[in-house]
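Please keep both in view and look up each residue as it is named.

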Amino acid sequence: MNALERQFAQTVAEHKSTIYTVCYMFSQDADEVNDLFQEVLVNLWKGFESFEHRSDLKTWVYRVALNTCISIDRKKKRRSAEVRLTMDINLFEDRDEDTRQVDMLHKRISKLQPFDRAIVLLWLENLSYEEIGQIVGISTKNVSVRLFRIREQLKNMSND
Amino acid sequence: MQNDFELENMRQQMTTLKNKLDQQEIINDRLMRRSMRNEVNTIARRYYIIMAVGLFMIPYGYWCFVKLSGLSIFFWIVTSIFMLVCTGATFYTYRKISDPDMMNHNLVEARKKVASAKKFEANWLFFGIPAVVLWLAWFLYEVYKIHGGALDNGFFWGGCIGGIIGAICGLSINFKTQRQYQDIIDQIEDLTAEK
(Lines give C-alpha, C1' and ligand atoms only; values in the text may rest on other atoms or scores of the structure.)
Protein backbone atom coordinates (compact mmCIF):
# COMPACT_ATOMS: atom_id res chain seq x y z
CA MET A 1 0.00 0.00 0.00
CA ASN A 2 1.55 3.34 -0.98
CA ALA A 3 1.41 6.50 1.15
CA LEU A 4 -1.67 7.93 -0.59
CA GLU A 5 -3.60 4.69 -0.23
CA ARG A 6 -2.62 4.42 3.42
CA GLN A 7 -3.78 8.00 3.99
CA PHE A 8 -7.05 7.27 2.21
CA ALA A 9 -7.72 4.16 4.28
CA GLN A 10 -7.06 6.18 7.42
CA THR A 11 -9.42 8.98 6.29
CA VAL A 12 -12.18 6.47 5.57
CA ALA A 13 -11.66 4.80 8.94
CA GLU A 14 -11.87 8.16 10.71
CA HIS A 15 -15.01 9.28 8.89
CA LYS A 16 -16.79 5.97 8.39
CA SER A 17 -19.62 6.87 10.79
CA THR A 18 -20.23 10.17 9.03
CA ILE A 19 -20.24 8.51 5.60
CA TYR A 20 -22.52 5.70 6.75
CA THR A 21 -24.92 8.12 8.45
CA VAL A 22 -25.34 10.15 5.26
CA CYS A 23 -25.87 6.97 3.19
CA TYR A 24 -28.38 5.62 5.71
CA MET A 25 -30.42 8.82 5.73
CA PHE A 26 -30.68 8.74 1.93
CA SER A 27 -31.62 5.04 1.69
CA GLN A 28 -34.76 3.00 1.94
CA ASP A 29 -33.21 -0.41 2.63
CA ALA A 30 -29.99 -2.16 3.62
CA ASP A 31 -28.92 -2.89 0.03
CA GLU A 32 -29.26 0.75 -0.92
CA VAL A 33 -27.13 1.84 2.07
CA ASN A 34 -24.40 -0.57 1.00
CA ASP A 35 -24.55 0.60 -2.63
CA LEU A 36 -24.37 4.24 -1.60
CA PHE A 37 -21.55 3.55 0.85
CA GLN A 38 -19.56 1.88 -1.91
CA GLU A 39 -20.29 4.71 -4.34
CA VAL A 40 -19.26 7.37 -1.82
CA LEU A 41 -15.95 5.58 -1.21
CA VAL A 42 -15.29 5.43 -4.95
CA ASN A 43 -15.98 9.16 -5.30
CA LEU A 44 -13.82 9.97 -2.29
CA TRP A 45 -10.99 7.94 -3.77
CA LYS A 46 -11.37 9.65 -7.16
CA GLY A 47 -11.06 13.08 -5.57
CA PHE A 48 -8.63 12.23 -2.80
CA GLU A 49 -5.42 12.88 -4.72
CA SER A 50 -6.62 16.24 -6.02
CA PHE A 51 -8.05 17.33 -2.66
CA GLU A 52 -5.96 20.38 -1.86
CA HIS A 53 -6.98 20.89 1.76
CA ARG A 54 -8.49 24.28 0.90
CA SER A 55 -11.41 23.16 3.03
CA ASP A 56 -11.47 21.04 6.14
CA LEU A 57 -11.22 17.29 5.46
CA LYS A 58 -14.50 16.63 7.26
CA THR A 59 -16.27 19.31 5.17
CA TRP A 60 -14.93 17.69 2.02
CA VAL A 61 -16.09 14.22 3.13
CA TYR A 62 -19.56 15.63 3.79
CA ARG A 63 -19.64 17.30 0.37
CA VAL A 64 -18.68 14.16 -1.50
CA ALA A 65 -21.00 11.92 0.54
CA LEU A 66 -24.01 14.23 0.24
CA ASN A 67 -23.36 14.97 -3.43
CA THR A 68 -23.15 11.27 -4.18
CA CYS A 69 -26.32 10.43 -2.27
CA ILE A 70 -28.29 13.31 -3.79
CA SER A 71 -27.03 12.93 -7.35
CA ILE A 72 -26.87 9.17 -7.79
CA ASP A 73 -29.17 7.71 -10.40
CA ARG A 74 -31.03 5.09 -8.37
CA LYS A 75 -32.66 3.57 -11.44
CA LYS A 76 -29.30 2.56 -12.85
CA LYS A 77 -28.09 -0.91 -12.11
CA ARG A 78 -25.36 -0.71 -9.51
CA ARG A 79 -21.83 -1.57 -10.50
CA SER A 80 -21.05 -5.05 -9.34
CA ALA A 81 -18.03 -4.48 -7.18
CA GLU A 82 -15.50 -7.23 -6.83
CA VAL A 83 -15.23 -6.54 -3.12
CA ARG A 84 -18.12 -5.17 -1.08
CA LEU A 85 -17.07 -2.45 1.33
CA THR A 86 -19.61 -1.85 4.01
CA MET A 87 -20.22 -2.24 7.71
CA ASP A 88 -21.60 -5.27 9.45
CA ILE A 89 -24.75 -3.56 10.67
CA ASN A 90 -28.34 -3.53 9.46
CA LEU A 91 -30.23 -0.57 10.83
CA PHE A 92 -33.33 -1.59 8.90
CA GLU A 93 -33.66 -4.97 10.55
CA ASP A 94 -32.08 -4.84 14.01
CA ARG A 95 -34.76 -4.50 16.64
CA ASP A 96 -33.07 -3.27 19.83
CA GLU A 97 -34.15 -0.05 21.56
CA ASP A 98 -31.27 2.02 20.14
CA THR A 99 -32.11 0.97 16.59
CA ARG A 100 -35.76 1.82 17.21
CA GLN A 101 -34.70 5.34 18.17
CA VAL A 102 -32.47 5.60 15.12
CA ASP A 103 -35.31 4.36 12.94
CA MET A 104 -37.57 7.14 14.24
CA LEU A 105 -34.94 9.66 13.22
CA HIS A 106 -34.61 8.04 9.79
CA LYS A 107 -38.38 8.12 9.24
CA ARG A 108 -38.59 11.82 10.01
CA ILE A 109 -35.60 12.84 7.95
CA SER A 110 -36.55 10.77 4.94
CA LYS A 111 -39.81 12.71 4.63
CA LEU A 112 -37.84 15.86 3.79
CA GLN A 113 -36.73 16.75 0.28
CA PRO A 114 -33.03 15.97 -0.45
CA PHE A 115 -31.51 19.42 0.12
CA ASP A 116 -33.45 19.87 3.37
CA ARG A 117 -32.38 16.40 4.42
CA ALA A 118 -28.75 17.41 3.88
CA ILE A 119 -29.19 20.66 5.83
CA VAL A 120 -30.85 19.02 8.83
CA LEU A 121 -28.26 16.24 8.86
CA LEU A 122 -25.44 18.75 9.01
CA TRP A 123 -27.27 20.67 11.69
CA LEU A 124 -27.72 17.49 13.74
CA GLU A 125 -23.98 16.92 13.42
CA ASN A 126 -23.52 20.25 15.24
CA LEU A 127 -21.97 22.08 12.29
CA SER A 128 -22.21 25.86 12.35
CA TYR A 129 -24.55 27.72 9.97
CA GLU A 130 -21.47 28.98 8.15
CA GLU A 131 -20.12 25.45 7.63
CA ILE A 132 -23.54 24.22 6.51
CA GLY A 133 -23.72 27.11 4.04
CA GLN A 134 -20.29 26.25 2.63
CA ILE A 135 -21.17 22.59 2.14
CA VAL A 136 -24.60 23.22 0.62
CA GLY A 137 -23.61 26.35 -1.32
CA ILE A 138 -26.06 28.84 0.18
CA SER A 139 -25.64 31.90 2.40
CA THR A 140 -25.65 31.70 6.20
CA LYS A 141 -28.87 33.71 6.20
CA ASN A 142 -30.49 31.17 3.87
CA VAL A 143 -29.36 28.34 6.14
CA SER A 144 -31.11 29.91 9.11
CA VAL A 145 -34.30 30.59 7.11
CA ARG A 146 -34.27 27.09 5.71
CA LEU A 147 -33.66 25.50 9.09
CA PHE A 148 -36.55 27.45 10.56
CA ARG A 149 -38.84 26.03 7.85
CA ILE A 150 -37.47 22.52 8.32
CA ARG A 151 -38.11 22.73 12.07
CA GLU A 152 -41.68 23.77 11.35
CA GLN A 153 -42.04 20.84 8.99
CA LEU A 154 -40.63 18.43 11.57
CA LYS A 155 -42.91 19.87 14.21
CA ASN A 156 -45.93 19.31 11.95
CA MET A 157 -44.78 15.73 11.35
CA SER A 158 -44.72 15.00 15.06
CA ASN A 159 -48.18 16.57 15.43
CA ASP A 160 -49.61 14.32 12.70
CA MET B 1 -41.17 24.26 23.67
CA GLN B 2 -42.49 21.07 22.11
CA ASN B 3 -40.43 21.92 19.03
CA ASP B 4 -37.20 22.26 21.06
CA PHE B 5 -37.91 18.95 22.75
CA GLU B 6 -38.39 17.25 19.37
CA LEU B 7 -35.15 18.65 18.02
CA GLU B 8 -33.23 17.75 21.14
CA ASN B 9 -34.68 14.28 20.84
CA MET B 10 -33.44 14.07 17.25
CA ARG B 11 -29.96 15.12 18.34
CA GLN B 12 -29.96 12.34 20.92
CA GLN B 13 -31.07 9.85 18.28
CA MET B 14 -28.24 11.04 16.09
CA THR B 15 -25.75 10.50 18.91
CA THR B 16 -27.13 6.99 19.40
CA LEU B 17 -26.61 6.28 15.71
CA LYS B 18 -23.05 7.60 15.78
CA ASN B 19 -22.22 5.52 18.85
CA LYS B 20 -23.52 2.39 17.14
CA LEU B 21 -21.53 3.10 13.99
CA ASP B 22 -18.33 3.97 15.82
CA GLN B 23 -18.20 0.41 17.13
CA GLN B 24 -18.23 -1.01 13.59
CA GLU B 25 -15.33 -1.87 11.33
CA ILE B 26 -15.44 -1.69 7.57
CA ILE B 27 -15.68 -5.18 6.13
CA ASN B 28 -12.76 -6.07 3.89
CA ASP B 29 -10.86 -2.99 4.93
CA ARG B 30 -7.58 -4.49 3.72
CA LEU B 31 -9.04 -5.01 0.24
CA MET B 32 -10.18 -1.42 -0.12
CA ARG B 33 -7.24 -0.34 -2.25
CA ARG B 34 -7.79 -2.99 -4.90
CA SER B 35 -11.51 -2.39 -5.03
CA MET B 36 -11.16 1.39 -5.43
CA ARG B 37 -8.61 1.01 -8.20
CA ASN B 38 -10.84 -1.46 -10.06
CA GLU B 39 -13.87 0.82 -9.81
CA VAL B 40 -11.99 3.83 -11.17
CA ASN B 41 -10.52 1.78 -14.01
CA THR B 42 -14.01 0.59 -14.97
CA ILE B 43 -15.12 4.21 -15.37
CA ALA B 44 -12.10 5.09 -17.53
CA ARG B 45 -12.71 1.99 -19.64
CA ARG B 46 -16.22 3.21 -20.47
CA TYR B 47 -14.80 6.36 -22.10
CA TYR B 48 -12.68 4.25 -24.41
CA ILE B 49 -15.52 1.87 -25.24
CA ILE B 50 -17.84 4.76 -26.22
CA MET B 51 -15.17 6.27 -28.48
CA ALA B 52 -14.09 2.92 -29.93
CA VAL B 53 -17.66 1.90 -30.86
CA GLY B 54 -18.27 5.28 -32.54
CA LEU B 55 -15.08 5.11 -34.59
CA PHE B 56 -15.46 1.43 -35.42
CA MET B 57 -18.88 2.08 -36.94
CA ILE B 58 -17.32 4.07 -39.82
CA PRO B 59 -15.32 1.26 -41.50
CA TYR B 60 -17.87 -1.33 -40.36
CA GLY B 61 -20.68 0.75 -41.88
CA TYR B 62 -18.80 0.98 -45.16
CA TRP B 63 -18.31 -2.77 -45.26
CA CYS B 64 -21.85 -3.60 -44.13
CA PHE B 65 -23.88 -0.97 -46.01
CA VAL B 66 -21.84 -0.31 -49.15
CA LYS B 67 -19.87 -3.50 -49.82
CA LEU B 68 -22.20 -6.13 -48.43
CA SER B 69 -25.67 -4.62 -48.94
CA GLY B 70 -25.01 -2.34 -51.90
CA LEU B 71 -26.52 0.79 -50.30
CA SER B 72 -25.42 4.21 -51.56
CA ILE B 73 -22.15 5.84 -50.50
CA PHE B 74 -24.10 8.96 -49.59
CA PHE B 75 -26.18 6.93 -47.11
CA TRP B 76 -22.99 5.59 -45.51
CA ILE B 77 -21.46 9.10 -45.27
CA VAL B 78 -24.56 10.53 -43.57
CA THR B 79 -24.76 7.48 -41.25
CA SER B 80 -21.07 7.92 -40.31
CA ILE B 81 -21.53 11.63 -39.58
CA PHE B 82 -24.60 10.84 -37.49
CA MET B 83 -22.67 8.16 -35.56
CA LEU B 84 -19.83 10.59 -34.88
CA VAL B 85 -22.22 13.28 -33.66
CA CYS B 86 -24.00 10.73 -31.41
CA THR B 87 -20.67 9.51 -30.02
CA GLY B 88 -19.59 13.09 -29.37
CA ALA B 89 -22.84 13.93 -27.56
CA THR B 90 -22.72 10.74 -25.45
CA PHE B 91 -19.10 11.33 -24.59
CA TYR B 92 -19.78 14.98 -23.69
CA THR B 93 -22.64 14.09 -21.30
CA TYR B 94 -20.86 11.14 -19.80
CA ARG B 95 -17.72 13.14 -19.19
CA LYS B 96 -19.64 15.97 -17.58
CA ILE B 97 -21.51 13.63 -15.24
CA SER B 98 -18.47 11.52 -14.34
CA ASP B 99 -16.15 14.49 -13.75
CA PRO B 100 -14.22 13.38 -10.61
CA ASP B 101 -13.98 17.00 -9.48
CA MET B 102 -17.75 17.51 -9.53
CA MET B 103 -18.37 15.84 -6.17
CA ASN B 104 -15.92 18.25 -4.52
CA HIS B 105 -18.18 21.22 -5.25
CA ASN B 106 -20.87 22.41 -2.91
CA LEU B 107 -24.22 20.61 -3.23
CA VAL B 108 -26.00 23.33 -5.18
CA GLU B 109 -23.20 23.73 -7.71
CA ALA B 110 -22.77 19.97 -8.19
CA ARG B 111 -26.51 19.38 -8.54
CA LYS B 112 -26.77 22.21 -11.07
CA LYS B 113 -24.03 20.59 -13.15
CA VAL B 114 -25.65 17.15 -13.05
CA ALA B 115 -29.06 18.66 -13.86
CA SER B 116 -27.68 20.65 -16.81
CA ALA B 117 -25.85 17.59 -18.18
CA LYS B 118 -29.00 15.48 -17.83
CA LYS B 119 -31.07 18.20 -19.47
CA PHE B 120 -28.63 18.26 -22.35
CA GLU B 121 -29.01 14.50 -22.62
CA ALA B 122 -32.81 14.84 -22.64
CA ASN B 123 -32.71 17.73 -25.15
CA TRP B 124 -30.40 15.73 -27.33
CA LEU B 125 -33.06 13.06 -27.73
CA PHE B 126 -35.37 15.62 -29.34
CA PHE B 127 -32.88 15.60 -32.18
CA GLY B 128 -31.80 11.96 -31.84
CA ILE B 129 -35.19 10.25 -31.97
CA PRO B 130 -36.51 12.01 -35.12
CA ALA B 131 -33.06 11.53 -36.69
CA VAL B 132 -33.21 7.77 -36.03
CA VAL B 133 -36.75 7.61 -37.47
CA LEU B 134 -35.58 9.46 -40.60
CA TRP B 135 -32.51 7.25 -40.84
CA LEU B 136 -34.68 4.13 -40.57
CA ALA B 137 -37.03 5.44 -43.27
CA TRP B 138 -34.06 6.19 -45.51
CA PHE B 139 -32.56 2.78 -44.79
CA LEU B 140 -35.83 1.04 -45.75
CA TYR B 141 -36.02 3.17 -48.89
CA GLU B 142 -32.45 2.21 -49.83
CA VAL B 143 -33.22 -1.49 -49.30
CA TYR B 144 -36.47 -1.05 -51.25
CA LYS B 145 -34.53 0.45 -54.20
CA ILE B 146 -32.25 -2.56 -54.33
CA HIS B 147 -34.82 -5.29 -53.82
CA GLY B 148 -37.67 -3.73 -55.75
CA GLY B 149 -41.13 -4.68 -54.50
CA ALA B 150 -39.84 -7.21 -51.99
CA LEU B 151 -40.61 -4.80 -49.19
CA ASP B 152 -44.21 -4.32 -50.19
CA ASN B 153 -45.26 -6.42 -47.24
CA GLY B 154 -45.32 -6.72 -43.42
CA PHE B 155 -41.59 -6.06 -43.05
CA PHE B 156 -41.86 -2.52 -44.43
CA TRP B 157 -44.99 -1.56 -42.51
CA GLY B 158 -43.80 -3.31 -39.34
CA GLY B 159 -40.62 -1.25 -39.48
CA CYS B 160 -42.56 1.98 -39.96
CA ILE B 161 -45.09 1.28 -37.18
CA GLY B 162 -42.34 0.07 -34.82
CA GLY B 163 -40.34 3.22 -35.54
CA ILE B 164 -43.31 5.48 -34.79
CA ILE B 165 -44.22 3.61 -31.56
CA GLY B 166 -40.56 3.71 -30.49
CA ALA B 167 -40.39 7.45 -31.17
CA ILE B 168 -43.57 8.11 -29.17
CA CYS B 169 -42.32 6.03 -26.20
CA GLY B 170 -38.89 7.64 -26.35
CA LEU B 171 -40.30 11.15 -26.48
CA SER B 172 -42.76 10.55 -23.61
CA ILE B 173 -39.95 9.18 -21.39
CA ASN B 174 -37.93 12.18 -22.43
CA PHE B 175 -40.66 14.64 -21.45
CA LYS B 176 -40.85 12.97 -18.04
CA THR B 177 -37.07 13.23 -17.58
CA GLN B 178 -37.17 16.88 -18.60
CA ARG B 179 -39.84 17.58 -15.98
CA GLN B 180 -37.84 15.79 -13.27
CA TYR B 181 -34.75 17.85 -13.97
CA GLN B 182 -36.73 21.04 -14.18
CA ASP B 183 -38.04 20.19 -10.68
CA ILE B 184 -34.49 19.88 -9.41
CA ILE B 185 -33.53 23.20 -10.97
CA ASP B 186 -36.60 24.80 -9.37
CA GLN B 187 -35.63 23.34 -5.99
CA ILE B 188 -32.14 24.82 -6.36
CA GLU B 189 -33.56 28.20 -7.30
CA ASP B 190 -35.85 28.10 -4.28
CA LEU B 191 -32.95 27.15 -2.05
CA THR B 192 -30.55 29.80 -3.31
CA ALA B 193 -33.05 32.67 -3.56
CA GLU B 194 -32.15 35.33 -0.98
CA LYS B 195 -35.08 35.44 1.40
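1. Helix α4 of chain A, residues 97–109, has 13 residues and reaches 19 Å from its first C-alpha to its last, close to the 18 Å expected at 1.5 Å a residue, where the expected span is 1.5 Å times one less than the number of residues. Helices here are DSSP runs of H or I with at least four residues, strands are runs of E with at least two, and both are numbered from the N terminus.

2. The buried residues of α4(A) are A:Val102, A:Leu105, A:His106 and A:Ile109. They lie on the same side of α4(A) because they cover an arc of only 100° around the axis, the arc being that of the directions from the helix axis to the C-beta atoms. An α-helix has 3.6 residues a turn, so residues three or four places apart point the same way. The face of α4(A) turned away from the buried side carries the exposed residues A:Glu97, A:Arg100 and A:Lys107. A residue is called buried if 20 or more other C-beta atoms lie within 10 Å of its own, exposed if 12 or fewer do, and partly exposed in between, with C-beta atoms placed from the backbone.

3. A caution about the source: this is a predicted model, in which local features need pLDDT of at least 70 and side-chain atom pairs count only at pLDDT 80 or more, while totals for chains, interfaces and linings use all residues. Residues are numbered from 1 along each chain as its sequence is written, and chains are lettered from A and ligands numbered from 1 in the order in which they are written.

4. Helix α5 of chain A, residues 114–124, is mostly covered, since 10 of its 11 residues are buried; among them are A:Phe115, A:Asp116, A:Arg117 and A:Trp123. Just after α5(A), A:Asn126 takes a positive phi of about 65°.

5. Which residues does A:Ile119 touch, not counting residues up to four places away in sequence? They are A:Ile132, A:Val136, A:Val143, A:Arg146, A:Leu147 and A:Ile150. A:Ile119 is also one of the residues that touch the most other members of the largest nonpolar core, which has 52 residues, together with A:Val22, A:Cys23, A:Val40 and A:Ala65. A nonpolar core is a set of buried Ala, Val, Leu, Ile, Met, Phe, Trp, Tyr and Cys residues joined through C-beta atoms within 7 Å.

6. Chain A is divided into domain 1 (1–93) and domain 2 (111–160), with bounds that come from an automatic or database domain assignment. In chain A, 8 residues of domain 1 are in contact with 8 residues of domain 2, contact meaning that the C-beta atoms, placed from the backbone, lie within 7 Å. On the domain 1 side, the elements giving two or more residues are α1 (3–25) and α3 (57–71) of chain A, and the largest share, 5 residues, comes from α3(A).

7. A:Glu5 lies in helix α1 of chain A and counts as partly exposed because it has 16 C-beta neighbours inside 10 Å. A:Glu5 and A:Phe92 are 87 residues apart in sequence and 32 Å apart in space, C-alpha to C-alpha.

8. Chain B has 5 helices and 0 strands, and of its 195 residues 12% count as buried. The domain assignment of chain B gives domain 1 (25–98) and domain 2 (106–195), and 11 residues of domain 1 of chain B are in contact with 12 residues of domain 2 of chain B.

Methods. Contact = placed C-beta atoms within 7 Å.
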